[in-house]
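Good morning. Please have the sequence and the structure open.

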Amino acid sequence: MQAIFDFFTQTGFYRLLQPGGRMSLVMITIAFILLYLAIGRSFEPLLLIPSAFGMLCTNLLGADMFHEVLFAGGHVQWDLLHGAPVTAQWLTKMADAGVAEAVLRPLAEGDVITAGLLDYLYLGVKLGIYPCLIFMGVGAMTDFGPLIANPKSLLLGAAAQFGIFMTFVGTRLMGFSPTQASSIGIIGGADGPTAIFVTSHLAPDLLGPIAVAAYSYMALVPVIQPPIMKLLTTKEERMIEMRPLRGVTKKEKIVFPIMITVFVALLVPSAAPLVASLMLGNLVKESGVADRLCKTMSNELMNIVTIFLGFTVGATATSTTFLSIRTIEIMLMGVVAFGFGTAGGLMLARFMNLFLKEKINPLIGSAGVSAVPMAARVSQVVGQKENPGNFLLMHAMGPNVAGVIGSAIAAGVLMALFG
């Protein structure tokens with residue numbers, strides 16, 4: 001009987017019955033809900049299924065697939081990852097650095113941590129590998145032709161990043177640190193990989209909530225944007241028809257990614273990894289001589305990295321970091337960031353119309369957020385409801401792809417200031 005009892009006390013069931021296990025039960029329930037949304041409601045299933053499953057695995061006590069302490073203090077604890085014992089000096093150092101007591105409490109001097117599967121996979125997030133590979137795949141699937149044909153689109157994409165900086169100010173007033181405020185603000189770019197890239201460098205303790213918020217609001221673009229678009233524009237403005245874009249030559253499409261990489265890398269070096277990866281993928285696509293590489297980037301590579309990224313980001317959603325008032329505040333500020341980003345593009349388009357002879361439909365300004373191509377489709381849908389003869393999709397793709405570049409540059413600026 002003693003042997004049976006000893007075995008039971010080593011199981012995860014026993015740990016879940018302990019006082020500290022109740023919070024893990026809550027997280028497991030949340031993971032089940034997210035899996036239902038992904039599978040039953042087709043809510044961002046490609047990322048939400050691995051993310052929710054990662055959340056489930058990390059909260060199964062005793063499985064030891066992910067250890068927050070190996071990434072305590074915002075850095076990879078390489079010594080512990082390689083099997084070095086915990087020291088009293090290290091525990092004191094982490095406590096002084098503000099690492100949560102719940103993370104350090106289970107440890108004692110001399111303990112040795114056996115790294116789990118998700119610990120090793122998470123290194124791809126922590127070292128900034130997965131987001132850059134995702135950008136490479138995005139570049140291989142993106143056509144920058146509408147942006148090249150209408151360079152004014154770049155201004156609309158830049159204006160849509162207004163939400164990032166407004167949210168940064170708001171979160172600072174709420175008591176968040178500059179690094180945390182930067183990570184929350186980047187949600188306003190509506191670009192999940194960029195949000196993960198910035199957060200993993202600046203505020204890794206918030207990675208779980210920020211990733212969930214970023215991808216949730218990307219999926220809710222058709223719900224969030226239309227009311228803001230109708231509120232900030234008049235019916236006459238929404239009915240404006242735009243002439244078809246000019247044709248873009250192959251040479252222009254090849255030169256564009258090269259020049260953007262050089263310019264951005266020299267202007268904001270911190271953004272170079274994301275922008276260079278994006279433009280490499282696009283250059284391979286537009287070159288027309290590397291079809292195999294283009295197909296690999298946009299299909300196999302993209303799918304593999306999406307699985308790893310979702311699985312490991314979900315693993316960071318432990319009860320100690322996810323179940324807090326801060327998480328609710330992050331979700332709320334994510335809506336604010338997204339709203340201000342949408343409004344920024346709309347209002348700049350209206351301002352530009354004061355000086356342009358050939359007016360632009362301000363609805364395309366809302367596509368300046370980086371949710372490609374969903375935001376552009378929303379502009380098309382809203383525009384056609386007012387005027388069935390309106391064809392705004394290609395015009396909206398200009399600000400849309402500009403927003404991808406803009407959010408990467410904004411991320412680089414924040415990392416340069418506070419990294």
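I will start with the cysteines and then move to the helices.

This is a predicted model. A disulfide is a covalent bond between the sulfur atoms of two cysteines. How many disulfides does the count come to? The count comes to zero. The cut-off is 2.5 Å. Seen from Cys-294, the closest cysteine sulfur is that of Cys-132, again at 19 Å and too far.

Are these two cysteines buried or exposed? Cys-132 is buried, with a relative accessible area of 10%. Cys-294 also counts as buried, at 13% relative accessibility.

Cys-132 is one of the buried residues of helix α9. Others there include Tyr-130, Pro-131, Ile-134, Phe-135 and Met-136. Helix α9 has 13 residues and reaches 19 Å from its first C-alpha to its last, close to the expected 18 Å. What covers its buried residues? The cover includes α8, α14, α19, α20 and α24.

That brings us to α19, residues 272–287. Its 16 residues reach 21 Å from first C-alpha to last, where 22 Å is expected. Among its buried residues are Leu-274, Val-275, Leu-278, Met-279 and Val-284. The buried residues of α19 pack against α9, α14, α18, α20 and α24. After α19 comes Gly-288, with a positive phi near 75°.

That is all from me.

Definitions and conventions
Residues are numbered from 1 along each chain as its sequence is written. This is a predicted model: local features need pLDDT of at least 70, side-chain atom pairs count only at pLDDT 80 or more; totals for chains, interfaces and linings use all residues. Side-chain values use heavy atoms; hydrogens and water are left out. Buried means under 20% relative accessible area, exposed over 50%, partly exposed in between (1.4 Å probe, protein chains only). Helices (H or I, at least four residues) and strands (E, at least two) are DSSP runs, numbered from the N terminus. The expected span of a helix is 1.5 Å times one less than its number of residues. Contact means heavy atoms within 4.5 Å.
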